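Biologist: I would like to learn how to read a sheet and the core packed against it. Could we take one structure as the case?

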Amino acid sequence: MNVKEKTAVVVGAGIAGASICLSLKERNIKTILIDSDSGPAKHASGNPIGVVYPFLTKHKTAESEFSLAAFQYFLSIWEKFHLKDLVPHVDGIYYLMDTKETYDRYSHSIISHQIPNHIAKESVEPFSNSPALFFPEGKSVSPVDLTKQILILANPRIEYSCKLLTWEESKQNSKLQILCKTSNEEIHCDYLFLSQGYQFTEDVHLNWVPLKKVRGQILQIPEQKPTNKYGILFGDYITPPIAGYQVLGATFDEFKLEQESRPEESELMWKTLLQKLPELTSKWEPQNPRLFSTRVSYRTQSQDRSPIVGKLPNISKIDLSIKYQNALRSGEKEMKIPYYESVGILNGLGSRGLTHSLYSAEILVSSILGEPNLLPEKISKSLRPDRFLLRMWKRDQLT
Ligand SMILES: Cc1cc2nc3c(=O)[nH]c(=O)nc-3n(C[C@H](O)[C@H](O)[C@H](O)COP(=O)(O)OP(=O)(O)OC[C@H]3O[C@@H](n4cnc5c(N)ncnc54)[C@H](O)[C@@H]3O)c2cc1C
């Protein structure tokens, strides 16, 4: 197959869509990126500053191994494309281990994952005097600028204010293609990549995928003096200043999703910050946190909190006959999953899209193109969308 003659459509110009475009560019595939909004990174990827560091567990799990590999992949792309010269950022993240449980978990994680010092080491965070994991190459970074830079590198044809309305498989000159109907035009393509974030519900092919919209509020505060040189995570996070502002984030609410800011949440986050980092904040001028500017946006989180990365199952074609179901129940047969062979999904990045998107995109593109598997089966399985199907069938959620 000569992939150079192939065309891909990518839906969504957030960090996920931009990352997919970069992986396609590396393979010389002609790419069209569409987004219903007027520019890139207007939704979850639109916060002024976010933090990049890996998620770790006490013992190795598929989730922690993926996250660590994704963080290392992020650093390799950062290096390869000289992003440090292009994206506003500050190096260095402290993760406070200020309870018995966090200390137990994170101090062991370094040993169990054999993490080298340049990735993470035990340390003491000076403002809290608390034990901490320090990630020297962890980053506070502007997600908007990161997304824009990745798009400059990937250089796809971009259509903003162009919404994907529907898509279907179609035969063109006896070749299987995907027909995308957008608000502007119809596009035939060889591959379709779906990264619509929380707006996935508008796609009828995705309404079975167990994803949830989760509200998050952050505060953008003017640079405080004295300031913290590194990002500090203490449940919430305070970033160092970038372009005169620091970010205090982020709330998490999966039940009430209003767009309006909640002043009481701002106040609570501020209070927690003062309690956790007194050595830093006691030197600041008294402030009214209700007056700081806020931003509300929405994560998309999967049922098991891992990202959803892989070929999209075609659930309308799953055999649900009584005979087949009985064979499944008795263990006589394994569930056979039909797929849209050329359609991939990257979603459910939750609270870690900045760290995980570049690696997820690389895994996705390589699997859709049928390249050799990059990952151990345990990790690959923990990411693929089909991981939910057997569970859903057992709970009668597919019949
Ligand atoms: C408050 C908050 C704080 C966070 N902090 C961090 C952090 O510090 N570190 C970290 O790693 N992660 C953080 N995250 C998570 C991270 O921001 C997200 O995981 C990531 O931005 C998700 O990117 P995305 O591209 O999947 O989604 P989005 O950025 O939402 O992009 C989806 C895009 O799809 C477009 N779209 C949707 N439907 C259609 C359609 N039908 N046709 C065309 N276009 C469409 C939308 O317009 C949008 O541009 C945070 C998230 C929140 C909400």
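Modeller: Strands of a sheet pair through backbone hydrogen bonds, either parallel or antiparallel. In this predicted model, local features need pLDDT of at least 70, side-chain atom pairs count only at pLDDT 80 or more, and totals for chains, interfaces and linings use all residues. Residues are numbered from 1 along each chain as its sequence is written. Strands E11 (residues 191-194) and E18 (residues 339-347) run parallel and are joined by three bridges; Leu-194 stands opposite Ile-345 in E18. Two strands pair if DSSP finds at least two bridges between them; strands (E, at least two residues) and helices (H or I, at least four) are DSSP runs, numbered from the N terminus.

Biologist: What is the order of the six strands in the open sheet?

Modeller: The order is E7-E2-E1-E11-E18-E17, with mixed pairing. Strands E7 (157-159) and E17 (308-313) each have a single partner strand, so one side of each is left without a neighbour in the sheet.

Biologist: Which residues have the most contacts inside the largest nonpolar core?

Modeller: A nonpolar core is a set of buried Ala, Val, Leu, Ile, Met, Phe, Trp, Tyr and Cys residues joined through C-beta atoms within 7 Å; buried means that 20 or more other C-beta atoms, placed from the backbone, lie within 10 Å of a residue's own. Here the largest core has 96 residues, and Ile-20, Leu-192 and Phe-193 have the most contacts inside it. Helix H8 gives the largest share, eight residues.

Definitions and conventions: A residue is buried if 20 or more other C-beta atoms lie within 10 Å of its own, exposed if 12 or fewer, and partly exposed in between; C-beta atoms are placed from the backbone.
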